[in-house]
Every structure is written in C-alpha cells, then in structure tokens.
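This report covers the nonpolar cores and the disulfide content of one protein model. The sequence and structure come first.

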Amino acid sequence: MEKWCIFLMSVFVLTTTAAHAQEFTLMSNDIHGQLTEKQVFSGFGCDGKNVSPHLVWENVPKGVKSFAVTVYDPDAPTGSGWWHWIIFDIPKETRQLVTGAGNLEKKLAPKESVQSRTDFGAPGFGGACPPRNDKPHAYIFTVFAVDVDKLGLDAGASPALVGFTLNQHAIAKASIIAYYSR
C-alpha cells in the first residue's frame, strides 16, 4: 500500500509540474490583432511604411541551437500563399527582433542571421499588401526553435526550401496572427 501511495504521489507531482510548465510563446509590442500602416508594404499599389514589427519569444525549449522567424499569408490569391519575411540562423541567445529588423540597410537584425528571399523577390521584410476589396488576410508570424546552429542556406534560398529545411529541424514553433485588408 505504501509503495502505491508513493507512486501515486510521484505521478501527481509530475502531472502538476507538466501542467504548469511554460509553453514556447511569441509576442509583439507592435502587433495587436490588426496590422497597421507601419507593417503595410510600400509598393505593389500599397503605400505603407514597410516596417517589420517587434517580436519577442520566451520559454525556449531545451536543445535550441538557433531560431528562425517567418511571416506567411495563406490567403494570398496565388494558390500557394505569400511569404513576407524569412530570417534564420538567429543565435540561440537572442530572444527578440527589434522593430525594423527586417530592413537590411538598417542592420538591426542579429549580425549572424540570414534574411532570405521572399515572394517579393528580395530578402528582408515585405509588409502586407492584399488585393483591394479582398477579404481580410491572415498574417502568420512564427518563431521556430531550431536544433542546428546554421541551416546551411543563404539569402538566395527560396521560401519553399527554407520552409522545408526549417520543418526538418524545428524543435518547437510559436505563432501570432494578425489581419489586414484594404
């Protein structure tokens, strides 16, 4: 009977600890459900400021060797969505990307990171620019906890290749979704 009590107490402690464990989480000081003019593309008929938002993540899982961040619009009328930002090889000590980190000229992204080609055809952040009068589009901001220091890709890598490689090395993912229409 005493062994069963100890076993049941151990199970309770483990279950309680697991239930209170913190989950990998992505947050932003700049995104609050809807994108603003600040995160809207400047071009393709859109006249936003094209500034990547502040992103911060916490409760990093064990085994992380680097991070990656992507921004994807599954509602783009392309048949395959639209990739707005891809940045990877972010050092494991990093816990945030500052506002404007997607602008290559400002050099605000972590030095070792790589920003690869988006569906706009160039590396760096490309803001929202859905077709006029279309339904609100979802913009999915995702941080990946990665099990390798480097993905072995460069700034010319296609979004599909980066996505494939990330999914092969992802330990965990955390996302936030914001919407925009014009």
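## Largest nonpolar core

In the largest nonpolar core, which has 31 residues, W57, V69, W85 and F141 touch the most other members. A nonpolar core is a set of buried Ala, Val, Leu, Ile, Met, Phe, Trp, Tyr and Cys residues joined through side-chain atoms within 4.5 Å. Buried stands for under 20% relative accessible area, exposed for over 50%, and partly exposed for values in between (1.4 Å probe, protein chains only). Two or more residues of this core come from each of β4 (55-58), β5 (66-73), β6 (82-91), β9 (137-146) and β10 (170-180). The largest share, 5 residues, is from β10. Strands are DSSP runs (E, at least two residues) and helices likewise (H or I, at least four), numbered from the N terminus.

The model is predicted: local features need pLDDT of at least 70 and side-chain atom pairs count only at pLDDT 80 or more, while totals for chains, interfaces and linings use all residues. Residues are numbered from 1 along each chain as its sequence is written, and side-chain values use heavy atoms, with hydrogens and water left out.

Neighbours within four places in sequence aside, F141 is in contact (heavy atoms within 4.5 Å) with L26, I31, L35, P53, L55, T70, V71, A174, S175 and I176. A second, separate core has 11 residues, among them A68, V114, F144 and L166.

## Disulfide

The structure holds 1 disulfide, defined as a pair of cysteine sulfur atoms within 2.5 Å. C46 and C129 form this link, with their sulfur atoms 2.1 Å apart. The link is right-handed, with 95 degrees about the S-S bond. C46 lies in strand β3 (residues 46-47) and C129 in the loop between β8 (114-115) and β9, so the pair ties together parts 83 residues apart in sequence. C46 is buried at 7% relative accessible area, and C129 is buried at 16%.
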